[in-house]
Structures are given as C-alpha cells and as structure tokens.
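Please consult the sequence and the structure shown below while reading.

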Amino acid sequence: MNQEPLLSAFTRLRDNLLSMSRHILQNEDDASDAIQEAFCRLWPIRNKIKSEKEAAALTVTTTRNICIDQIRKKARFPELDIETNNECDEDNSEKENLLERFQTVKLLIEKRLTENQRKILELRDYQGLEIEDIANRLNMQPATIRMNFIKSEKNY
C-alpha cells in the first residue's frame, strides 16, 4: 500500500489549496469542502500514484476542477439556493430534510422541463413504463419520446 506520495503532497500543499479554493469560491467553508472532496476522490487511486510530484499535480487539478464544478452548478440553477453542505441542523429532522430535497427536485422539474418532458418523465420514472408504451399513450413516435427523455435528463 503506497499512500505516502498522496499524503505528503496533500499535507505540504494544504494551505496553498485552501488559498486557491477560497479565491475561486469566495467562501471559506466551500473551499474547505472542496479540498476534502478532492482528497476523497484521490484516495481510492493512491496506489497508482508513483511520485509526490504526480500526487501534487493531481491534487491541485482535482481541487481546481471541483471548485469550477461548484461555480457551474450555482450558475446553472440561480433560482435555487442549493446548499452544498449536507450537514443537518439539530432542529431539522431527517424527514424535513427529505421533504426539502423533494421540493427542490419538484421545483427544478417544473421550471426546467416542458409539459411533454414532464409527462414522459412521470410515465417513465414514476410509473415504470417502457418507451413504446409511453409513445402509444401520448400518441407520439418512440424516437420523439427518447429525445424528450434525454433532454429532460440533461435539464434537471
């Protein structure tokens, strides 16, 4: 088990990674989360990393990409105030958290999908119908159903 290059590179670069993440994300907590996520993503491949130089490059690149992904996610859904923090407040129960997530997904579906895409999504994901059955039910071609289904998956 060769985890030394990753651990030493991460330990040596932690302050620089935090500074870079803070600069990109403009938020201390999000920056810390990005660094932790980068380390978690790299940990499963620690045995494949040969040198500290390679580990450093992977750590910096992965951290930067995670920061960029977070910015893109916030830019893509500006109408929602989506928290990237998964911690539960002491006041919130697990049911309230689940209900809140459900409402967020429901809002995304309503805002981002057309009426046909919503119908297709409901028939496919909630009722478990096949493409051909949906096409028959909506009087549409199966290819049209597939295209709308693919578009609806990209939109939410």
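Which residues of the largest nonpolar core touch the most other members? In this predicted model, they are Leu6, Phe10, Leu17 and Ile35, out of 13 residues in that core. The chain has 156 residues, of which 29% count as buried. Its secondary structure comes to seven helices and zero strands.

**Confidence and overall figures**

- The mean pLDDT of the chain is 82, and 83% of the residues reach 70 or more.
- Over residues 84-91 the pLDDT stays under 50, and the model has four contacts beyond four places in sequence for this stretch.
- Among contacts in the chain with a separation of 6 or more, 64% join residues 24 or more positions apart.
- The chain exposes about 10,900 Å², and carbon and sulfur atoms supply 48% of that area.

**Nonpolar cores**

- The largest core, in which Leu6, Phe10, Leu17 and Ile35 touch the most other members, receives two or more residues from each of helix 1 (4-25), helix 2 (28-42) and helix 3 (52-76).
- Helix 1 gives the most to this core, with six residues.
- Leu17 touches Phe10, Ile35, Thr59, Val60 and Thr63, when residues up to four places away in sequence are not counted.
- A second, separate core comprises twelve residues, including Ile109, Leu129, Ile131 and Phe149.

**Aromatic cluster**

- The model contains two aromatic pairs.
- One of them joins Phe10 and Phe39 in a tilted arrangement, with 4.6 Å centre to centre and 45 degrees between the planes.
- This pair links distant parts of the chain, as Phe10 lies in helix 1 and Phe39 in helix 2, 29 residues apart.
- Both Phe10 and Phe39 are buried.
- Phe39 also forms a tilted pair with Trp43, at 5.5 Å centre to centre and 40 degrees between the planes.
- Trp43 counts as partly exposed because its relative accessibility is 28%, which falls between the cut-offs of 20% for buried and 50% for exposed.
- Phe10, Phe39 and Trp43 together form one aromatic cluster.

- Helix 6 spans residues 131-138, and its buried residues are Ile131, Ile134 and Ala135.
- These residues lie on the same side of helix 6 because they cover an arc of only 100 degrees around the axis.
- An α-helix has 3.6 residues a turn, so residues three or four places apart point the same way.
- The face turned away from the buried side of helix 6 carries the exposed residues Asn136 and Arg137.
- Just after helix 6, Asn139 takes a positive phi of about 55 degrees.

**Ile134 in detail**

- Ile134, which lies in helix 6, is classed as buried because its relative accessible area is 0%, against a cut-off of under 20%.
- With residues up to four places away in sequence not counted, Ile134 touches Ile120, Leu123, Arg124, Leu129 and Ile145.
- One of these contacts, Leu129, is a member of the second core.
- The C-alpha atoms of Ile134 and Lys119 are separated by 9.1 Å, and the two residues are 15 residues apart along the chain.

Methods. Residues numbered from 1 in each chain as written. Predicted model: local features only at pLDDT ≥ 70, side-chain atom pairs only at ≥ 80, totals over all residues. Heavy atoms only, no water. Core = buried A, V, L, I, M, F, W, Y, C linked by side-chain atoms within 4.5 Å. Buried < 20%, exposed > 50% of the residue type's maximum accessible area, 1.4 Å probe, protein only. Helix = DSSP H or I, 4+ residues; strand = E, 2+ residues; numbered from the N terminus. Contact = heavy atoms within 4.5 Å. pLDDT = per-residue confidence, 0-100. Phe/Tyr/Trp six-rings, centres within 6.5 Å; stacked < 30°, edge-to-face > 60°. Areas by Shrake-Rupley, 256 points an atom, 1.4 Å probe, with all protein chains shown as cover. Arc of directions from axis to C-beta.
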